[in-house]
Amino acid sequence: MSERTYLLPLWIRLWHWTNALLIIVLTVTGVSLHFADPKLPLVEFSLAARIHDIAGLALVAAYAFFALANIVTGNWWQYVPKPPGVIDRCLKQARWYVWGIFRGEPHPFPVTLQNNFNTLQSLIYWAIMYLAMPLLLLTGLIFLFPEFAPDRLFGMDGLLPVAVLHYLTGAAIVMFMIAHIYLGSTGNTVGAMYKTMITGWHEH
Amino acid sequence: MFHSFNKPLVAVLLGASLALLRLPAVAADAAPVDQATIEANRKANAACYECHSAAAVKKPPRADLDLSKLKESHIEPAIFNPSDHGVMDCRQCHAKNHYTEYPHAEAGKTTTSPCTECHAAKSLRLEPQFNASVHAKNSGLKEKFSCNTCHNVHVNVIQKRLKDPEKIVAQDNHGCLECHNSETMFARFAPDDEKLAGGKKKRPDIDTIHGWLPNAKAHWNAVRCIECHTPEVAEGKMLSHEILNKEKAEKKCLACHSANSSLKTRLYRHLVKGEQQKYGFTNSVILSNSYVIGATRHPLLDNLIIGLVLATLLGVLAHGVLRALAAMKRNKDQAK
């Protein structure tokens with residue numbers, strides 16, 4: 001039997017799958033609202049609006065839990081790229097994705113309990129979780145309580161910059177999600193990392 | 001019945017904001033009234049304001065005035081003058097012959113000229129619509145309604161002159177909510193219903209009947225009740241006067257929340273002619289006032305986002321296929 005490490009505690013896994021489910025629901029309903037068109041097979045508008053509001057608030061709660069638990073457990077440290085050599089390590093990782101992976105080369109930075117994420121991964125996760133997500137949630141909350149939006153801006157409704165920022169950060173997270181789901185298959189076997197995300201155990 | 005002086009408080013509240021507009025003195029569907037006539041009319045009206053104004057209620061010019069009645073029949077020039085009828089002499093509607101002395105002749109207090117006297121053509125066109133309206137079809141209601149019931153003749157300004165959607169919404173919704181959000185006013189017009197105790201229909205709670213509508217309050221500030229409670233009309237045409245009940249009213253959100261938003265033929269019908277796709281946005285005239293999800297879009301930004309998402313999908317798909325092919329080749333090579 002191969003060596004294995006208990007990498008992901010229950011709280012991270014529960015949060016991850018809650019987050020995943022909510023983001024999928026918010027993507028489907030968000031697309032139905034933004035691209036509303038009688039000719040497209042989308043979720044009915046008022047239903048999509050209600051689901052989006054509820055799932056959005058649930059995501060705010062899930063994020064608050066994530067941010068707090070990260071502080072309490074010290075897990076936030078995983079998201080910090082550690083110098084020196086950050087750029088070199090990112091380039092090495094990127095080279096593996098575009099070249100090494102096709103040649104069957106081993107992972108340049110094997111997973112350890114101390115370094116769960118490779119440097120490129122920690123940089124992108126940081127940008128998504130600590131930059132895009134807060135912006136997405138904040139703009140979503142203003143959307144929900146538009147009285148906090150500026151009244152008017154550049155001769156347009158003041159909600160416009162809030163809406164555009166919500167749209168852009170939402171799109172960034174959808175693109176991240178697509179790549180994230182796919183890159184989950186790049187473990188030692190195609191299913192290895194998905195399994196880790198369910199059981200918490202990483203097989204070396 | 002023409003309720004001429006029944007809305008002094010409403011006039012003060014709503015008119016105060018409209019008065020700030022200082023709109024040009026142009027009649028709704030007639031040629032502009034010349035300045036000399038306006039001045040002559042205003043001068044004549046000044047005689048009425050001597051008693052029929054808030055100042056006169058506070059400081060009566062005569063000792064024998066019935067102040068309780070005067071309180072219900074005063075008009076503010078600052079509100080009346082910028083309104084659609086503000087260019088007119090009070091006596092054009094309020095029977096001229098009965099206002100030569102005080103106390104006024106009894107007929108003067110109850111007689112006003114019918115709106116059709118000036119608005120004959122429009123009235124003829126609107127009458128079938130009104131007759132199909134919930135305000136005419138409900139039992140015992142038609143006789144209680146006049147134009148002034150919904151359109152306050154001493155305050156209102158037509159949409160074409162008012163232009164600002166926010167002010168149009170405030171003015172027009174006020175006309176609806178004055179009754180539909182007030183037990184007292186609703187009871188005054190309540191249709192007969194023998195099945196109910198008291199024989200009158202009870203006022204439906206507005207929040208409850210709009211419970212299905214997400215962000216109902218945001219809608220009420222941004223659009224008029226009549227956007228949904230009147231049938232669709234052809235582009236460029238005036239909105240119908242057939243007020244629809246909750247069963248018949250528009251419930252499809254996409255009527256407004258889509259690129260081909262019906263708001264263009266309704267609240268924004270006078271502004272839409274000036275549509276210039278400001279900053280590249282579709283329906284930018286709507287966006288200048290309200291961000292309406294699904295309607296106020298940026299096609300270029302949408303195409304860019306769709307392109308990026310598709311590129312991500314195709315990218316991971318291509319990467320996956322190449323990985324599989326490379327793995328198969330490696331396995332084959334190892335087997336050799």
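Visitor: Why is T27(A) called buried?
Guide: Buried means a relative accessible area under 20%, exposed means over 50%, and partly exposed covers the range in between (1.4 Å probe, protein chains only). T27(A) has 18% relative accessibility, so T27(A) counts as buried. The residue is found in helix α1 of chain A; helices are DSSP runs of H or I with at least four residues, strands are runs of E with at least two, and both are numbered from the N terminus.

Visitor: What does T27(A) touch?
Guide: Leaving aside residues up to four places away in sequence, T27(A) touches V174(A) and M177(A). Contact here means heavy atoms within 4.5 Å.

Visitor: What kind of model is this, and how is it numbered?
Guide: This is a predicted model, in which local features need pLDDT of at least 70 and side-chain atom pairs count only at pLDDT 80 or more, while totals for chains, interfaces and linings use all residues. Residues are numbered from 1 along each chain as its sequence is written, chains are lettered from A and ligands numbered from 1 in the order in which they are written, and side-chain values use heavy atoms, with hydrogens and water left out.

Visitor: What makes N188(A) exposed?
Guide: N188(A) has 52% relative accessibility, which is over 50%, so N188(A) counts as exposed. The residue lies in the loop between α5 and α6 (192-199) of chain A.

Visitor: How do you know that the side chain of N188(A) reaches E203(A)?
Guide: The distance from the side chain of N188(A) to the backbone oxygen of E203(A) is 3.2 Å. A polar contact is a pair of N or O atoms within 3.5 Å; within protein, one must be able to donate a hydrogen and the other to accept it, and residues adjacent in sequence count only if both atoms are side-chain atoms. N188(A) and E203(A) are 15 residues apart in sequence, with 8.2 Å from C-alpha to C-alpha. Not counting residues up to four places away in sequence, N188(A) touches H107(A), E203(A) and H204(A).

Visitor: What makes E183(B) and R203(B) a salt bridge?
Guide: The term requires a side-chain nitrogen of Lys or Arg within 4 Å of a carboxyl oxygen of Asp or Glu. In this pair the closest N and O atoms are 3.2 Å apart, so E183(B) and R203(B) qualify. The pair links distant parts of the chain, 20 residues apart: E183(B) is in helix α12 (residues 183-189) of chain B, and R203(B) is in the loop between α12 and α13 (206-209) of chain B. R203(B) is buried, at a relative accessible area of 16%.

Visitor: Which parts does the salt bridge between K217(B) and D207(B) tie together?
Guide: The closest N and O atoms of K217(B) and D207(B) are 3.3 Å apart. K217(B) is exposed at 54% relative accessibility, and D207(B) is partly exposed at 43%.

Visitor: How many salt bridges are there over all chains, and how many between chain A and chain B?
Guide: By this rule the count over all chains is 14. Between chain A and chain B the count is 0.

Visitor: What, then, lies between chain A and chain B?
Guide: 37 residues of chain A are in contact with 36 residues of chain B. The area buried between the two chains is about 3,300 Å², with carbon and sulfur atoms giving 68%; buried area is the accessible area (1.4 Å probe) that two parts lose on being put together, summed over both. F102(A), M156(A) and Y182(A) supply 20% of the area that chain A buries against chain B, more than any other three residues. There are also 16 residue pairs in polar contact between the chains, both residues at pLDDT 80 or more.

Visitor: What makes M133(A) part of a nonpolar core?
Guide: A nonpolar core is a set of buried Ala, Val, Leu, Ile, Met, Phe, Trp, Tyr and Cys residues joined through side-chain atoms within 4.5 Å. The largest has 21 residues, and M133(A) is among those with the most contacts inside it, together with L59(A), M129(A) and I173(A). α1, α2, α4 (119-144) and α5 of chain A each give two or more residues to this core, and α4(A) gives the most, with 7. Not counting residues up to four places away in sequence, M133(A) touches N19(A), I23(A), L59(A), Y63(A), I128(A) and I173(A).
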